[in-house]
Amino acid sequence: MPGLVRDLMTIGVPVCHDTETGAVVAARLTRQTPAAEVVVVLDEDGMACGWARAVDLAAQPDQPVSAVMDEAIPQVPPDIPAQAAAQLLRDRGVAYAFLMHDWPGEPRPSAMIALKTLEAYLEHA
C-alpha cells in the first residue's frame with residue numbers, strides 16, 4: 001500500500017499573529033531546530049487567515065505579516081497517497097501544504113507536509 005500523507009506529515013505547525021512584523025517572525029522561525037521555512041498566520045481570533053515563507057518575511061522585515069502573507073493556504077487531506085500529494089504541491093507551485101482541522105468555522109493548522117519529504121519517500125518507495 002502506498003504511503004499516505006498522514007504517514008509522512010509533521011504534526012505541529014509554526015504559527016504567528018498577523019500583526020507581528022516580518023523580522024520578528026523570521027527570527028523566531030530560524031531559531032527553531034530545525035529552522036522552519038513556513039508559518040501559518042492567525043488572526044485576532046486565533047483562526048488561520050494565511051501563510052508565509054520565512055524568506056519572504058525576512059525580505060520585508062518592517063512589514064506586518066498580514067502584508068506579506070498569502071491568504072490561500074495550500075492544503076492536502078491526510079488520507080491521499082504521497083504521489084497524489086506531491087503532484088498537488090507541484091501543480092500549485094508550493095514546497096509545503098498544510099492539514100487543517102475541519103471543524104466548521106474554525107480553520108486551524110494541525111500538521112504540514114513538505115514536497116521534499118514526499119519526494120524523498122517516493123524515491124525510496
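A: Happy to. Lining the largest pocket are Pro14, Gln32, Thr33, Pro34, Ala35, Ala36, Glu37, Tyr96, Met112 and Lys116. A pocket here is an open set of points on a 1 Å grid over the protein atoms alone, where a 1.4 Å probe fits, with protein on both sides within 12 Å along at least five of seven lines; lining residues have an atom within 4 Å of a point. The space in this pocket comes to about 160 Å³, a volume being the space filled by probe spheres set on the points, which are joined across faces, edges and corners.

A word on the source: this is a predicted model, in which local features need pLDDT of at least 70 and side-chain atom pairs count only at pLDDT 80 or more, while totals for chains, interfaces and linings use all residues. Residues are numbered from 1 along each chain as its sequence is written, and side-chain values use heavy atoms, with hydrogens and water left out.

Sorted by class, the lining has 6 nonpolar, 2 polar and 2 charged residues. In this scheme Ala, Val, Leu, Ile, Met, Phe, Trp, Tyr, Cys and Pro are nonpolar, Asp, Glu, Lys and Arg are charged, and the others, Gly among them, are polar.

Most peptide bonds are trans. The bond from threonine 33 to proline 34, however, is cis, with omega near -10 degrees. Proline 34 sits in the loop between helix H2 (22-31) and strand E3 (38-42). Helices (H or I, at least four residues) and strands (E, at least two) are DSSP runs, numbered from the N terminus.

Now step back to the whole protein. There are 6 helices and 6 strands, and from the N terminus on they follow the order α-β-β-α-β-β-α-α-α-β-β-α. The C-alpha trace spans about 45 × 30 × 25 Å along its principal axes. Of the 125 residues, 41% are buried, meaning under 20% relative accessible area with a 1.4 Å probe, counting protein chains only.

Glycine 50 belongs to strand E4 (residues 48-53). Leaving aside residues up to four places away in sequence, glycine 50 touches Val39, Val40, Val41, Met69, Asp70, Glu71 and Ile73, where contact means heavy atoms within 4.5 Å.

Notes:
Buried means under 20% relative accessible area, exposed over 50%, partly exposed in between (1.4 Å probe, protein chains only).
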